[in-house]
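Trainee: I am new to this structure and would like to learn how to read it. Could you walk me through it, feature by feature?

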Amino acid sequence: MPDAVVIGAGPNGLVAANLLVDVGWNVEVLEAQEEPGGAVRSDRGVHPDYVSDLFSAFYPLAAASPVLARLDLAAEGLRWSHAPRVLAHPLRDGGCAVLERRVQDTAAGLAEFAAADAGAWQDMYDVWKRVGPDLVQAMFTPFPPVRAGLRLAAKLRAAGGLRLARNLSLPVRRLGEEEFAGEGGRLLLAGNALHADLAPEAAGSGGFGWLMSMLGQSHGFPVPVGGASALTAALVSRFQRRGGSLRCGERVASVVVRGGAAVGVETAGGEAVAARRAVLADVSAPALYRDLVGEEHLPARLLRDLERFQWDFATFKVDWALTGPVPWDAPQATGAGTIHVADGVDGLTLFASQIAMGQVPDEPFALVGQMTTADPSRSPAGTESAWAYTHLPQHITSDAGADRITGRWDLREQEAMANRIEAQVERLAPGFRTLIDARRILAPTTLQAMNENLHNGAINNGTTALHQQALFRPVPGTGRPETPVKSLYLASAAAHPGGGVHGAPGANAARAALHPHRLRHPLHRAQRV
């Protein structure tokens, strides 16, 4: 009998499993898909000569994560690669905001938009250097982050205290307007905020845009050499070398609860897998509570709160095998791994507003990945393995464009949406479409079929908005991996601190499982009222 059963072999599940085997636990991981990795996988499905990342691709949070650093995945063969430039946001007038590898180069580029913005960016980065490491440590520890929080509080006082806190709570449009005279710095902040589901006018979007921008400046947006699956392979190798067991193609149908405690799981094939000490679930919160546990084992308040659980935006992705580099009009974009395609901050606002109204955006904000630029092993020399994704409403009410997309995602709708994304790139890179040798379309429903945690293509396991963060994640009164069922722990991005590949939810769940007799977070009592 294993000490722990981990449901799901995504990055958080594998991190949790690794930490438990490190202390001598017998751990079994059960994964529904035929291969591990969750949203960290790559393949050659677009073209046999091109490696394409299926879901996530760039990993600034992984590079900064103290959780992953402690696992020493380099010992398992994991290597990272960087594009010459981190990120670029080209504009139709030929201008281009660029996040460079060196802060002085980023500042010099922003000075072309407004001379004073070179100093503004440097000042912003100086604040990050003072508070960033402690902020990351506080983010990636269980809530509330007492020790890390105290260190962070001391640093915050030295870095401006309440004024910095105010800045991080601002909408990113307002933060950009206050900090930068020109458009360049504003674009970097706002585009990075929309890596999540945070509109330029959303409270707290300034903090997220600042975080992602500063991570990009300090750590870059690195990629695993050989594809995203290399990161998963390193986690699996480390786990199995320490005696862990991984079984793929084993869907868990239910968590077995006796006497108010999780004692194991039952698979879809009817196999009972007992767990001596704990069950850790790298699945979405709605799936865990409604499907795997069942309402009869849960407090009524939790079930009511789940009705208000909010998913993040849906996602639509296109992968390409290109016969040459993307011919951007702005030459600065050529060497960037990540490209933001949108017509300024106003274009980002319009895009987010259309999603808020349930509309398919007519000119979608596209996040483009130039993977061969970031890692030359991804495709033959002189070619580019590339992708782009955009966000959509979870529930589509209408199409702001002319294609009458409804969200059925039949072949016609998939092709129409892919063409719309390609048209956005073509405006800034004339001739782009002539380079497409092959493409693959991943509609929201396709993404969910490939990874059930990606509900209709939601990539963050729940909104990043303030009302579903920290002690409100995944529902009010939690904020920690413990659940109302004893010995059952939420180990996915549905738990604090949320989405991104950094391993913190899995690590927090593992720590909670290792110390079950510590005082449970008092806010959990609210779920029983």
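Trainee: Let's begin with strand partners. Which residue in strand 9 does Leu30 stand opposite?

Mentor: Strands of a sheet pair through backbone hydrogen bonds, and the pairing can be parallel or antiparallel. Here, Leu30 faces Arg247 of strand 9. Please keep in mind that this is a predicted model. Strand 2 (residues 27-31) and strand 9 run parallel, joined by four bridges.

Trainee: In what order do the five strands of that open sheet come?

Mentor: The order is 9-2-1-13-21, with parallel pairing. Strand 9 (245-248) and strand 21 (488-490) are the edges; each has a single partner strand, so one side of each has no neighbour in the sheet. On average, neighbouring strands in this sheet are turned by 15° against each other, ignoring direction.

Trainee: Which strands does helix 12 touch as it packs on the sheet?

Mentor: Helix 12 (residues 285-293) touches strand 1 (4-7), strand 13 (278-281) and strand 21, and its direction makes about 150° with that of strand 21. Then look at helix 18 (residues 504-514), which lies across strand 13 and strand 21 and runs at about 160° to strand 21.

Trainee: Now for the open sheet of seven strands: what is its order, and what kind of pairing does it have?

Mentor: Follow the strands as 7-6-15-17-18-14-20; the pairing is mixed. The edges are strand 7 (96-100) and strand 20 (436-442), and because each has a single partner strand, one side of each is left without a neighbour in the sheet.

Trainee: In which sense do strand 14 and strand 20 pair, parallel or antiparallel?

Mentor: Strand 14 (residues 314-322) pairs with strand 20 in the antiparallel sense, over six bridges. You can find Asp319 opposite Arg440 of strand 20.

Trainee: Let's turn to helices. At roughly what angle do the axes of helix 4 and helix 5 cross?

Mentor: Packed helices are described by the angle between their axes and by the distance between the axes. For helix 4 (residues 103-111) and helix 5 (residues 117-139), the axes cross at roughly 145° and come within 7 Å. This crossing is right-handed.

Trainee: Which residues make the contact?

Mentor: Helix 4 contributes Val103, Thr106, Ala107, Leu110 and Ala111, while helix 5 brings Asp117, Ala118, Trp121, Gln122 and Tyr125. By class, the residues of this contact are seven nonpolar, two polar and one charged.

Trainee: And empty space? How many cavities of 30 Å³ or more does a search of the whole structure find?

Mentor: Rolling a probe the size of a water molecule over the atoms shows where empty space is left. In this model, the search finds two cavities of 30 Å³ or more. The largest cavity holds about 60 Å³ of space. Its lining is made up of Pro90, Leu91, Arg92, Val341, Ala342, Asp343, Gln424, Arg427 and Leu428. Helix 16 (residues 411-428) gives the most to this lining, with three residues. Sorted by class, the lining of the largest cavity has five nonpolar, one polar and three charged residues.

Trainee: What lines the second largest cavity?

Mentor: Look for Phe58, His82, Ala83, Arg85, Val86, Arg101, Phe221 and Gly337. The second largest cavity contains about 40 Å³ of space, and its lining divides into four nonpolar, two polar and two charged residues.

How values were computed: Residues are numbered from 1 along each chain as its sequence is written. This is a predicted model: local features need pLDDT of at least 70, side-chain atom pairs count only at pLDDT 80 or more; totals for chains, interfaces and linings use all residues. Side-chain values use heavy atoms; hydrogens and water are left out. Two strands pair if DSSP finds at least two bridges between them. Helices (H or I, at least four residues) and strands (E, at least two) are DSSP runs, numbered from the N terminus. Axes are lines fitted to C-alpha atoms, for helices over the stretch in contact, and angles run from 0 to 180 degrees between N-to-C directions. A crossing is left-handed if the near helix is turned anticlockwise from the far one by less than a right angle, and right-handed if clockwise. Contact means heavy atoms within 4.5 Å. Ala, Val, Leu, Ile, Met, Phe, Trp, Tyr, Cys and Pro count as nonpolar, Asp, Glu, Lys and Arg as charged, and the others, Gly among them, as polar. On a 1 Å grid over the protein atoms alone, a cavity is a set of points where a 1.4 Å probe fits but cannot get out, and a pocket is an open set with protein on both sides within 12 Å along at least five of seven lines; lining residues have an atom within 4 Å of a point. Grid points are joined across faces, edges and corners, and a volume is the space filled by probe spheres set on the points.
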